[in-house]
Amino acid sequence: MALTIAQKIIKNHLISGEMKAGSEVALKIDQTLTQDATGTMAYLEFETMGIDRVKTERSVAYIDHNTLQCGLENADDHAYIASVAAKHGIYFSRPGNGICHQVHLERFGKPGKTLIGSDSHTPTGGGLGMLAFGAGGLDVAVAMGGGAYYINMPKMIKVNLTGRLRPFVSAKDISLEILRILSVKGGVGAIIEWGGEGIKTLSVPERATITNMGTELGATTSIFPSDEVTREFLKSQGREEDFTPLSSDPDAVYDRVIEIDLDTLEPLIACPHSPDNVKKVSEIAGMKIDQVCIGSCTNSSLFDLKKTAAMLRGKKIATNVSLSVSPGSKQVLSMLVKSGELNDILQSGARLLECACGPCIGMGFSPSSAGVSLRTFNRNFLGRSGTKDGQVYLVSPETAAASAISGVLTDPRDFGDKFGAISVSMPEKFDIDDGSVLPPLNEAEAKTAEVVRGPNIKPFPKTQPMPEKFTCGVALKTGDDITTDHIMPAGAKILPYRSNIPYLSKFCFSVVDETFPERAKEITEKIGGCVIVGGVNYGQGSSREHAALVPLYLGVKAVIAKSFARIHAANLVNAGILPLTLKNPDDYDKLAQDEAVEFSDVSASLEKGVVKAKLLSTGEEIALKAEFTKRQRDILAAGGLLAYTKSGGK
């Protein structure tokens, strides 16, 4: 049977299940990564499992999110992660070493390997030919302990690239074009494979930009072949021995094939407040801007920042614009220093930020009130920047740099017409210094090593086995496309409490309804639990399991929606919360906020695949799809994945 690239890797890592679209498969995981905003909870979960040493080929703990240390919280979390990593066989990437996806691409990623990370943009590794998935922290903890990672076998979408990008058009524009074609829901249940003659013109960092943004499609993951371009990248990183060629069979079958002609592509922009609200830059050029941010795991490679430096060289940014530049790794920063290109950036008036996620997660550099911010990032959800009414647009580094100079949104091709072409050459060999990646202790030393726990670190929320009958009040009713940023916001004020669920709960759904936390607690105390009602694509965005754990802490027992994003639905199951889909979407209108809903015969209903929710105000029953595997039903019955795993479930 002819196979796609992803199918070949899945076949080589298949533990159980059938490779049939929609069927559950269990995969062996070779590598894991965490970042500090999700890592503390993931390692608390790993410790609870009672396993001494990780069983993966390579697990890495990165510090890249909570690097602003305005109090004890972030520093304490970093100390905890460093100590638990040393004790349990995990490599530790220190603060300042860089963004997890950029550093992993540079130093650890291997074609043909499987990777899961407690960050939704882990598919960045697909630019190197990895099968890389974003996942909740509990799934990562289980994988570190040697357990399988379970997904529904995805369908396959092929995107063929033809031609070559024209000057001032970039890989970011390819990402925005596929978002324009498919939308933020178009990749759900699918793996996106990139191919065609056009991919030969794209470097690994450019490919990684595209696979990174594949997350915004709702895709399970995205992947490129491993070819001579891949070999050259690994060779430049001193890792040629990690190269493995990997391609799809010529007669592999895809569920859909999309063609994109790079010759005709032009600069694009995603307008507020969704990555798929895509327009041509030329259509809205001239819009006054306040802020420009260049960086993030999408566009912070040496290639991206060399282009930025070339455009800024000898020029000043507009007086009305504040520009930040965040290198993706210490390697990128040191090479910009060595070449003198960092000076070109700084002399323009740009502000240099740490090698970290920074503004992308609202960790500093938030825009002014209603400020227009052009960002080379992957998400522009409402409030994500740290400013509730910030107007965030997603653009390429070329568009960002051209606009920073002019003070208005500028088509970078116009910059080329005015100042001429730019030329960027990549080094044959990158500077290698892994001194900021600390190896774990050996097993003998680890036995006596202590784990450091600060006062901000609180235990994992208690869960209970799923009852056979329970009543909930509808604590919140939302619309479509609710993101994890809506459910559990990020930002400098909130992220430091990711290891403190009780305190974090005060901010749950604060972007949507600031009264939700108190109302949820009141409903839970009064009738025993609450339910959230959502629309289409509920839970899109980040892999943060806090968007499930915090509602769990507040008494949420079920979420009823028209449809769910993949990772969030899995996180709800892992937390012991029922994600239920309306069988008839029109019944959404019958579920009013403050309505009391009764669930009964839960075990039998889950086995049948349909749960009935009885509206206590009218007695009417609403049918809800409960399409879970036996393993998922067992997890829900146990009260979540942690309880299930501790009881011997696999």
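At what angle do α10 and helix α13 pack, and how far apart are their axes? The angle is about 25° and the axes are 9 Å apart. The model is a predicted one, in which local features need pLDDT of at least 70, side-chain atom pairs count only at pLDDT 80 or more, and totals for chains, interfaces and linings use all residues. Residues are numbered from 1 along each chain as its sequence is written, and side-chain values use heavy atoms, with hydrogens and water left out.

**Helix packing**

- Helix α13 covers residues 397-406, and α10 covers 302-312; helices (H or I, at least four residues) and strands (E, at least two) are DSSP runs, numbered from the N terminus.
- Axes are lines fitted to C-alpha atoms, for helices over the stretch in contact, and angles run from 0 to 180 degrees between N-to-C directions.
- α10 and α13 are therefore roughly parallel to each other (angles under 35 degrees count as roughly parallel, over 145 as roughly antiparallel, 65 to 115 as roughly perpendicular and the rest as oblique).
- The crossing of α10 with α13 is right-handed, that is, the near helix is turned clockwise from the far one by less than a right angle.
- On the α10 side, D304, K307, T308, M311 and L312 meet P397, E398, A401, A402 and I405 of α13, where contact means heavy atoms within 4.5 Å.
- This contact of α10 with α13 comprises six nonpolar, one polar and three charged residues (Ala, Val, Leu, Ile, Met, Phe, Trp, Tyr, Cys and Pro count as nonpolar, Asp, Glu, Lys and Arg as charged, and the others, Gly among them, as polar).

**Cysteines**

- The structure has zero disulfides, a disulfide being a pair of cysteine sulfur atoms within 2.5 Å.
- C297 is in no disulfide, and the nearest cysteine sulfur, that of C360, lies 6.0 Å away.
- C297 counts as buried at 13% relative accessibility (buried means under 20% relative accessible area, exposed over 50%, partly exposed in between, with a 1.4 Å probe and protein chains only).
- For C472, the closest cysteine sulfur is in C530 at 6.6 Å, too far for a bond; C472 is buried, with a relative accessible area of 0%.

**Backbone geometry**

- Most residues other than glycine have a negative phi, and most peptide bonds are trans.
- S183, in the loop between α6 (171-182) and β10 (190-195), has a positive phi near 80° and is partly exposed at 21% relative accessible area.
- S296 also has a positive phi, of about 80°; S296 lies in the loop between β15 (291-294) and α10 and is buried at 1%.
- The peptide bond from P272 to H273 is cis, with omega near -5°, and H273 lies in the loop between β13 (268-270) and β14 (278-280).
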